[in-house]
Amino acid sequence: MKRLSEEAVKFIKNYGRSYSTLSREMETQFGIKLSKSLISYYKGSKPRIKPIDIMKLSEWELEWLFGLYFADGSKFKEKSYCYTIKFDLDKKRDTDIGERLVELLTRIGLKPTMSFDRNVLVVRVFSKNLYNIFPDKVDSYQPRNILAFASGMIDGDGAVNERRTGAYIVQTYFENLMSYLTKNLGLTRYEQRGSNAGWTGIKITYYVPKSVCEVLKDKKYCVKLLRKINKTNN
C-alpha cells in the first residue's frame with residue numbers, strides 16, 4: 001500500500017470514533033481501505049487486541065491449563081470490557097503451580113499478574129484471544145489429551161493420596177466431564193454426605209488409579225505428584 005498523505009494521517013489521528021467507522025470514512029473520503037492494525041499504527045497506539053502465540057504450548061501444556069482452569073479458574077468480562085482469566089490457588093501450598101502457570105502464559109506473549117488475597121494466590125491475565133480459546137464451563141468438554149487435563153485437575157482440585165500411593169480429585173460440579181474422566185481413566189467415585197453443624201452437603205471424591213499416576217509422573221507434568229517425588233528423594 002502506498003504511503004498515506006499528511007492530510008489522511010492527520011484525519012486518522014484526530015478521528016475520535018470507533019475504528020470500524022474510521023475505516024469506512026477513510027474509504028469514502030480518501031479511497032483507502034485500512035485494517036484495524038494499520039489504523040493503530042498511524043494513530044501511534046498499540047493494537048487493542050494483544051496477539052498471542054498459542055502454538056508455543058504443547059498439547060500437554062494447553063490441556064493442563066484447561067484442567068487447572070476447570071478446577072480453580074474462571075473467565076469473565078469486567079465492566080471495563082476487559083476479557084479476564086483468573087486462577088485462585090492456595091497461597092501456602094500452590095506457589096509452584098502458580099509459577100508454572102505464569103511461565104506458560106508468559107511464553108505465549110501475555111503478561112500475567114500474581115497477587116495475594118488472604119490465603120489465596122491469584123494469577124490473572126487479560127486477553128480476548130485466550131478468553132475465546134478457553135472452553136466455556138457450561139458446555140460439554142472432552143479433552144484432546146485426557147491425561148494432561150486430569151493432571152491439571154489434580155493440581156487444582158486434588159491432592160496426593162498417601163495411603164493409596166495415588167491421587168484424588170474433589171469435584172462436585174461438571175458431572176458429564178467427570179463421568180468422561182471416570183470412564184476413560186478408571187477413576188473411583190466416592191460420595192460423602194455431610195450432616196453436622198459445621199458442614200452440610202455432598203462431597204464427591206474421585207480416586208485416580210496408581211497406574212495413571214505413574215504415567216503422569218513419568219511425563220513429569222502433574223506438579224503435586226512431582227512434588228511428592230522430590231520430597232521423597234530429599
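Two strands are said to pair if DSSP finds at least two bridges between them. With that in mind, this report on a predicted model begins with its sheet and then turns to its helices.

**The sheet**

In strand 4, R124 is the bridge partner of T113, and strand 3 is joined to strand 4 by 5 bridges, the two strands running antiparallel. R124 in strand 4 is also the bridge partner of K86, and between strand 2 and strand 4 there are 7 bridges, again with the strands running antiparallel. Strand 1 pairs with strand 2 in the antiparallel sense over 5 bridges, and here F76 stands opposite T84 in strand 2. The table gathers these pairings.

| Strand pair | Bridges | Sense |
|---|---|---|
| Strand 1 (residues 73-77) and strand 2 | 5 bridges | antiparallel |
| Strand 2 and strand 4 (residues 120-126) | 7 bridges | antiparallel |
| Strand 3 and strand 4 | 5 bridges | antiparallel |

Taken as a whole, the 4 strands form an open sheet in the order 1-2-4-3, with antiparallel pairing. Strand 1 and strand 3 (113-117) are its edge strands, each of which pairs on one side only, and from one strand to the next the twist averages 25°. Helix 4 (residues 59-72) packs on the sheet, where it touches strand 1 and strand 2, and its direction makes about 75° with that of strand 2. Helix 5 (residues 95-107) packs on the sheet as well, touching strand 2, strand 3 and strand 4, while its direction makes about 5° with that of strand 4. Strand 2 (residues 83-90) is mostly covered, with 6 of its 8 residues buried.

In helix 1 (residues 6-14), the buried residues are A8, V9 and I12. These residues lie on the same side of helix 1, because the arc that they cover around the axis is only 100°. The other side of helix 1 carries the exposed residues E6, E7, K10 and N14.

Helix 1 packs against helix 2 (residues 19-30) at an angle of about 155°, their axes being 11 Å apart. Since angles over 145 degrees count as roughly antiparallel, helix 1 and helix 2 are therefore roughly antiparallel to each other, and helix 1 passes helix 2 in a right-handed crossing. At this contact, E7, A8, F11 and I12 of helix 1 meet L22, E25, M26, Q29 and F30 of helix 2.

**A residue of helix 9**

S211 lies in helix 9 (residues 210-219), and it counts as exposed because its relative accessibility is 53%. Between the C-alpha atoms of S211 and G166 the separation is 8.3 Å, although these residues are 45 residues apart along the chain.

Terms used. Residues numbered from 1 in each chain as written. Predicted model: local features only at pLDDT ≥ 70, side-chain atom pairs only at ≥ 80, totals over all residues. Heavy atoms only, no water. Buried < 20%, exposed > 50% of the residue type's maximum accessible area, 1.4 Å probe, protein only. Arc of directions from axis to C-beta. Axes fitted to C-alpha atoms, helices over the stretch in contact; angles between N-to-C directions. Parallel < 35°, antiparallel > 145°, perpendicular 65-115°, else oblique. Left-handed = near helix turned anticlockwise from the far one by under 90°. Contact = heavy atoms within 4.5 Å.
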